[in-house]
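Here are a few notes from my look through this one. Have the fold open while you read.

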Amino acid sequence: MARIAVISAVHEELAEILALMPDERVQRVAGREFWLGHLQGHEVVAVLSGIGKVAGATTAAILHERFAPQYVLFTGVAGGLAPGVAVGDVVVGTHCLQHDLSAAPLFPRWEVPGTGTSRFAADAVLVQVLTEAARDAVTWLPKLVSAETLRALGLHRPTVHRGLIVSGDRFITSAAESQALREALPEALAVDMESAAVAQVCWDYGTPFAAVRTLSDRADDEAHVDFQAFMRDVARHYSARIVRKALNLL
Ligand code: ADE
């Protein structure tokens with residue numbers, strides 16, 4: 001049995017996980033609710049970080065100071081960047097980078113001063129476990145969501161990818177912005193607003209971390225429309241399914 005922190009940025013991503021934790025009790029710190037309970041035989045601390053890198057970093061620091069997690073998982077949605085990733089696919093981050101950070105020319109672009117790196121590596125065991133759990137979740141999607149919803153969102157046979165997730169304090173909602181990110185960081189699979197910040201805090205504390213993100217949109221001109229429909233109809237199913245299975249495998 002391990003103590004595992006599960007972070008999500010928004011309510012829809014965490015609600016069904018909390019519903020699976022019958023013995024949860026809440027502690028409020030810095031405007032956040034930390035839900036303590038059990039899931040799949042592990043102690044779990046589940047928390048909503050709020051949106052953005054600062055919200056993610058604050059949450060991760062509080063988690064470490066108050067709850068001493070042995071593993072930290074981030075589960076949520078992201079915008080797809082690479083050509084081969086589609087809405088409904090799942091990305092497990094092997095590395096996370098802050099795409100809007102630059103202390104150049106003092107440090108190479110994207111490098112976090114004082115760390116010697118721009119790409120924070122996820123824990124290999126967590127990546128493996130989340131990949132297996134995500135592969136299981138995508139096969140369940142047609143049973144969790146109606147055929148009509150799948151058609152409306154244009155989801156077909158979602159797949160699981162592993163690779164770089166980039167984070168920044170911007171919701172990417174134009175084709176021009178996502179193209180600029182693709183050109184700067186061609187290996188980036190997905191863009192979100194928290195993973196790399198949480199990865200950096202976990203690196204500071206030496207805690208194994210990984211992020212798993214379902215693609216709600218393609219970070220283009222339609223991103224805000226796709227994002228809202230996806231959150232309403234699909235995201236909550238995925239997060240709960242992936243986290244439950246991952247904890248079972250850990
Ligand atoms: N999370 C989900 N979609 C996103 C996008 N397009 N940009 C940044 N974060 C996201």
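1. Helices here are DSSP runs of H or I, at least four residues, and strands are E runs of at least two, numbered from the N terminus.

2. Bear in mind that this is a predicted model, where local features need pLDDT of at least 70, side-chain atom pairs count only at pLDDT 80 or more, and totals for chains, interfaces and linings use all residues. Numbering runs from 1 along each chain as its sequence is written.

3. Back to H1 (residues 11–19): Glu13, Leu14, Ile17 and Leu18 are its buried residues. They fall within an arc of 115° seen down the axis, so they line one face of the helix (the arc is that of the directions from the helix axis to the C-beta atoms). Their cover includes strands S1 (3–8) and S3 (32–39), as well as H7.

4. H3 (residues 124–144) has a kink of about 30° at Val138, shortly before Pro142. The bend is the angle between axes fitted to the seven residues ending there and the seven starting there. Val138 is also among the buried residues of H3, as are Leu126 and Leu141.

Definitions and conventions
Buried ≥ 20, exposed ≤ 12 C-beta atoms within 10 Å, placed from the backbone. Contact = placed C-beta atoms within 7 Å.
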